[in-house]
Amino acid sequence: MTVARSVALFVVAALFEIGGAWLVWQGIREHKGWIWVGAGVIALGLYGVVATWQSDDNFGRILAAYGGIFVAGSIAWGMIADGYRPDRWDITGALVCLAGMAVIMYAPRSH
């Protein structure tokens, strides 16, 4: 699997997971109703499916690497959906997480 395809899968997974969690948040915390919650639960399930499409067979590695995408994606989602303005430490932390994701997922390994 190419790095580009792997990163694309991580991004799609993040859209489902972060979007699903946001829908649940909106349904409960913002009182938008159970349809929002249900849509969120479906999206969260789809996140789990997309994560299985990574070529690496190690669940722990995939989930750990995905964590970097989740952190950066959550900040981006907050900016777009809720008008959140990250400070330099939020951005620095997200970049550190993305660097960690790259090391965990794409470092050369002997198999």
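## A salt bridge, an aromatic cluster and a surface patch

In this predicted model, the side chains of Arg61 and Asp56 meet in a salt bridge, with a distance of 2.9 Å from N to O. Side chains of opposite charge can pair when their charged atoms come close. The structure holds one salt bridge. Arg61 is partly exposed, with a relative accessible area of 22%.

**The chain as a whole**

The protein chain has four helices and zero strands, and its pattern along the sequence reads α-α-α-α. Its C-alpha atoms fill a box of roughly 50 × 35 × 20 Å, taken along the principal axes. Of the 111 residues of the protein chain, 28% count as buried. The accessible surface of the protein chain amounts to about 7,000 Å², and carbon and sulfur atoms supply 70% of this area. When contacts between residues at least 6 apart in sequence are considered, 64% of them join residues at least 24 apart.

**Aromatic pairs**

How many aromatic pairs does a search of the whole structure find? The search finds five. One of them joins Tyr47 and Tyr66: the ring centres are 5.2 Å apart and the planes stand at 40°, so this pair is tilted. Tyr47 belongs to helix α2 (residues 34-51) and Tyr66 to helix α3 (residues 59-82), so the pair ties together parts that are 19 residues apart in sequence. Both Tyr47 and Tyr66 are buried.

Tyr66 also pairs with Phe70. Their ring centres lie 6.3 Å apart with the planes at 50°, so this pair is tilted as well. Tyr66 and Phe70 are separated by about one helical turn, because they stand four residues apart in helix α3. Ring pairs link Phe10, Tyr47, Tyr66 and Phe70 into a cluster.

The geometry of the two pairs described above is set out in the following table.

| Ring pair | Distance between centres | Angle between planes |
|---|---|---|
| Tyr47 and Tyr66 | 5.2 Å | 40° |
| Tyr66 and Phe70 | 6.3 Å | 50° |

Is Gln26 buried or exposed? Gln26 is buried, because its relative accessible area is 6%, and buried means under 20%. This residue lies in helix α1, which covers residues 3-29. Which residues does Gln26 contact, leaving aside its neighbours within four places in sequence? Gln26 is in contact with His31, Lys32, Trp36 and Asp82.

**A nonpolar patch on the surface**

Ile42, Leu46, Val49 and Trp53 form a nonpolar patch on the surface. Together these residues have about 390 Å² of accessible area. Leu46, one of the members of the patch, is found in helix α2. With a relative accessibility of 36%, Leu46 counts as partly exposed, because this class lies between the limits of 20% and 50%.

**Summary**

The predicted model thus shows a chain with four helices and zero strands. Tyr47 in helix α2 and Tyr66 in helix α3 form a ring pair, and these residues belong to a cluster that also includes Phe10 and Phe70. The salt bridge joins Arg61 and Asp56, while the nonpolar patch on the surface is formed by Ile42, Leu46, Val49 and Trp53.

Terms used: Residues numbered from 1 in each chain as written. Predicted model: local features only at pLDDT ≥ 70, side-chain atom pairs only at ≥ 80, totals over all residues. Heavy atoms only, no water. Phe/Tyr/Trp six-rings, centres within 6.5 Å; stacked < 30°, edge-to-face > 60°. Helix = DSSP H or I, 4+ residues; strand = E, 2+ residues; numbered from the N terminus. Buried < 20%, exposed > 50% of the residue type's maximum accessible area, 1.4 Å probe, protein only. Contact = heavy atoms within 4.5 Å. Patch = residues over 30% accessible without salt bridge, like charges linked within 9 Å, V, L, I, M, F, W, Y side chains within 5 Å. Areas by Shrake-Rupley, 256 points an atom, 1.4 Å probe, with all protein chains shown as cover. Salt bridge = Lys/Arg side-chain N within 4 Å of Asp/Glu carboxyl O.
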